[in-house]
Amino acid sequence: MTFDQLKPMVESIVSNTQQTVDNRLFEICQLLETYVVYYNWVGFYFRNGNKEELVLGPYVGAPTEHTIIPFGKGICGQVAVSNKNFVVPDVSAQDNYIACSISVKAEIVIPIFVNGKNIGQIDIDSNTADPFTKADEVFLEFICAKVSEIL
């Protein structure tokens, strides 16, 4: 399934006000993990109140012990500080990478902004080396923009 085919499905999930926000975020994670073969772990992290840390939100994939990530630590923590997309084609080449699983080869993290403020991010791990393209970034930016409307 192409990203263009997935977009209306994401919009449908986001607009379903019969579901809680967390349920909708979980459904987005399920959708992405199911239909994008190289998305092996999909989850959301959000700023923990006024603390300089991220807390794990809804996700799909192997359980992780990284439920709290300090700003600046790992790829997610770096995105919380930089406010910029971070695409890692080879996690073994990153000094500040937090290993979640030995099978993870690549990661992409896209921030979520509400009223111009970085309040969270979508984080995707892949067991495939260097799978992410500009199309992934654009698609995930679209998802983050849609998610920001319900937060």
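**View 1. The turn between strands S5 and S6 in the predicted model.** Val114 stands opposite Lys117, a residue of S6, in a model that is predicted rather than experimentally determined. The hairpin formed by S5 and S6 has 2 residues between the strands, and within this hairpin Asn115 adopts a positive phi near 55°.

**View 2. Strand S5 and its pairing with strand S4.** Strand S5, which spans residues 106-114, is mostly covered, with 8 of its 9 residues buried. Strand S4 (residues 86-88) runs antiparallel to S5 and is joined to it by 3 bridges; among the residues involved, Phe86 has Val109 in S5 as its bridge partner, while Val87 has Ile108 in S5 as its bridge partner.

View 3. The 6 strands of the open sheet follow the order S3-S2-S1-S6-S5-S4, and their pairing is antiparallel. Strand S3 (68-70) and S4 stand at the edges and have a single partner strand each, so one side of each is left without a neighbour in the sheet. On average, neighbouring strands of this sheet are turned by 25° against each other when direction is ignored.

**View 4. Helices H2 and H4 against the strands.** Helix H2 (residues 21-35) packs on the sheet, where it touches strand S1 (41-47), strand S2 (53-60) and S6, and its direction makes about 65° with that of S2. Helix H4 (residues 134-148), for its part, lies across S1, S4, S5 and S6 and runs at about 35° to S5.

Note on methods
Residues are numbered from 1 along each chain as its sequence is written. This is a predicted model: local features need pLDDT of at least 70, side-chain atom pairs count only at pLDDT 80 or more; totals for chains, interfaces and linings use all residues. Side-chain values use heavy atoms; hydrogens and water are left out. Buried means under 20% relative accessible area, exposed over 50%, partly exposed in between (1.4 Å probe, protein chains only). Helices (H or I, at least four residues) and strands (E, at least two) are DSSP runs, numbered from the N terminus. Two strands pair if DSSP finds at least two bridges between them. Axes are lines fitted to C-alpha atoms, for helices over the stretch in contact, and angles run from 0 to 180 degrees between N-to-C directions. Contact means heavy atoms within 4.5 Å.
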